[in-house]
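User: I'd like to go through this one with you. Can we begin with how the chains meet?

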Amino acid sequence: MSDTFAQVAALNARYARCIDDGALGDWPAFFAEDCLYKVTTAENYKDGLEAGLIYADSRAMLVDRVSALSEANIYERHAYRHILGAPFIVEEGDDVARAETSFLVVRIMRDGTTDVFASGRYVDVVRLGAGGPLFAERVVVCDSSRIDTLLALPL
Amino acid sequence: MTTTVANPGLPDGTAELNRTWPSEGVTRVPYWVFEAPDVHVAEQQRVFEGPSWNYLCLEAELPNAGDFRTTFVGKLPVIVVRDRSGEINAFENRCAHRGALIALDNSGSAKSFSCVYHAWSYDLKGNLTGIAFKNGVRGEGGMPASFCMADHGPRKLRVDTVGGLVFATLAAEAPPLREYLGDEIVARIERVLAGRTPVVLGRFTQSLPNNWKLYVENVKDSYHASILHTFFTTFGLNRLGMRGGLIIDKSGGHHVSFSAIDRSVENTAEYKAEKLRSEKESYRLADPTLLQGFEEFPDGVTLQILSVFPGFVLQQIQNVIAVRQILPREVDRTDLNWTYLGFAEDTPQQRAIRNKQSNLVGPAGYVSMEDGCVGGFVQRGIAGAAGERAVLEMGGASTESQESRTTEASVRGFWKAYRTAMGL
């Protein structure tokens, strides 16, 4: 197992655990300061359409999203469970790697209803080396073009 | 033999609907209207296939001859396609033979359409032009000689456009589109879209756990905005000295809610004191570039929500331009199709601002995610309460245009138009 593979897999595992455990305050720290985080659909991604359901081009924007979710936005209590595939290392350099990882996210609502909320792949640029690993880019490409009700917690 | 006229004024073949609207009129909304299967069935016929204009797509999505998209009028599947003369046509996505879907893609380019079931084929105007084995095989079988292809085909819709938006109607008696919308609504559409070339930046479907009319009510409801959506308040981004208003057309079915910067108050002491207080007491954005927009419109309007009966919305929220198509799926399921727009004339900086500000809208939007769940809260809240009614008395009983947005006038306007269409 290459060192890059192990680093990306470990980063993914920590990332999913952070969201699923509800530790959203720690979520922005997985990203580089000048990151890109975007949630889109496979169809938009294939067609090269640039808009995102969530679109952040800085870590500070992710901090703002977390504050908005905890202080401003109103939604029914729910949680996610991320099931991740093994990362595929697309390309690897000295301190940067491109990787893709499949995900399945089930959403658990207040009344116990559990549904498949999203499936897809993370298309990532991971910054390795000192201070890393961090996501320089994480594009969340959902397989479906359909979002049920709302997308509050990040994927 | 007795004949009952269940629905006076409605066309023959209209399904019967034995329902009585509360005597108070549009200040009360009976909850059965969001729950009853008979109402849901009647709406398809009377609202969506009635004398209304339904949004299909953007002209910009059909740039070339043969380009098509598939969409819906209510629940009715529709193909919208540009033909070789440049005209945009719309017809049912239903084979005239045995009813199968004709086109199976969301979009594409076609010289003609052919049903996969038995290869009945259609031109770009929806005319039946070919039938597989029409003359049989080796003199056996085939269609009767009397069968006339011109007598068979999917229903065709009348198509018209305004500001690059493609609308269609199934009803011969529907007035022309511009007359249906009225001058004020047309002007407000053109204000956003005219004179430039829309570019699709993304398409998303939000699946809502509620009846379609609960979402329409939410769009029309200028009363809830500052109460349910606290993002701007929490981050101290509310702007004093905004002026605004509500435009409701005479049918009640179309509306515009808008607010604009009132530059005349920006230098007053009251404004400055409030600004200071807000800056002290609220959270700050860690990345304030979210709201550093560009001046796109000379009129200073930073928010314009425009709806067209029955299920179309054009929004301008700061520099985020989007259209929303509201489609019923089941009594308690609705598809909300978002199309985010930019313009070919955008500079790269302007495009970046649109993408950034798109965080405000859509299923994950800072000022719109609540709209995705609040309809479900009502749908679940009214279970078992079909005999009860909602109260719509904020701002009185009128459905008139006004300066105050602390009113439910445009929600009442929707019900006025709905009752007319439904014969209720």
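Analyst: Contact here means heavy atoms within 4.5 Å. On that basis, 36 residues of chain A and 41 residues of chain B take part in the contact. Keep in mind that this is a predicted model.

User: How much area do chain A and chain B bury between them?

Analyst: About 3300 Å², with 51% of it on carbon and sulfur atoms. Leu53(A), Arg146(A) and Thr149(A) supply 17% of the area chain A buries against chain B, more than any other three residues.

User: How many salt bridges are there between chain A and chain B?

Analyst: The count is 5 salt bridges. One of them joins Arg333(B) to Asp148(A), where the closest N and O atoms are 2.8 Å apart. There are also 27 residue pairs in polar contact between chain A and chain B, counting pairs with both residues at pLDDT 80 or more.

User: Which parts of chain A supply the side that touches chain B?

Analyst: Strand 1 (31-41), helix 2 (42-46), strand 2 (54-56), helix 3 (59-72) and strand 8 (146-148) of chain A each give at least two residues. Helix 3 of chain A has the largest share, 10 residues. By type, the residues on this side of chain A are 17 nonpolar, 9 polar and 10 charged.

User: And strand 8 of chain A, which strand of chain B does it pair with?

Analyst: Strand 12 (residues 198-208) of chain B, in the parallel sense over 3 bridges. Within that pairing, Ile147(A) has Gln206(B) as its bridge partner.

User: What does strand 14 of chain B pair with?

Analyst: Strand 13 (residues 242-248) of chain B pairs with strand 14 of chain B in the antiparallel sense over 7 bridges, and Ile247(B) stands opposite Val256(B). The hairpin of strands 13 and 14 of chain B has 6 residues between the strands, and Gly252(B) takes a positive phi near 90° there. Strand 15 (residues 301-308) of chain B also pairs with strand 14 of chain B, antiparallel over 6 bridges, with Ala260(B) opposite Val301(B).

User: Last one. In what order do the 3 strands of the open sheet in chain B run?

Analyst: The order is 7-8-9, with antiparallel pairing. Strand 7 (113-114) and strand 9 (128-130) of chain B are at the edges with a single partner strand each, so one side of each has no neighbour in the sheet. Strand 8 (residues 121-122) and strand 9 of chain B share 2 bridges, and Ser121(B) is opposite Gly130(B).

How values were computed: Residues numbered from 1 in each chain as written. Chains lettered and ligands numbered in written order. Predicted model: local features only at pLDDT ≥ 70, side-chain atom pairs only at ≥ 80, totals over all residues. Heavy atoms only, no water. Buried area = accessible area lost by both parts, 1.4 Å probe. Salt bridge = Lys/Arg side-chain N within 4 Å of Asp/Glu carboxyl O. Polar contact = N/O pair within 3.5 Å; in protein donor to acceptor, adjacent residues only side chain to side chain. Helix = DSSP H or I, 4+ residues; strand = E, 2+ residues; numbered from the N terminus. Nonpolar A, V, L, I, M, F, W, Y, C, P; charged D, E, K, R; others polar. Pairing = 2+ DSSP bridges.
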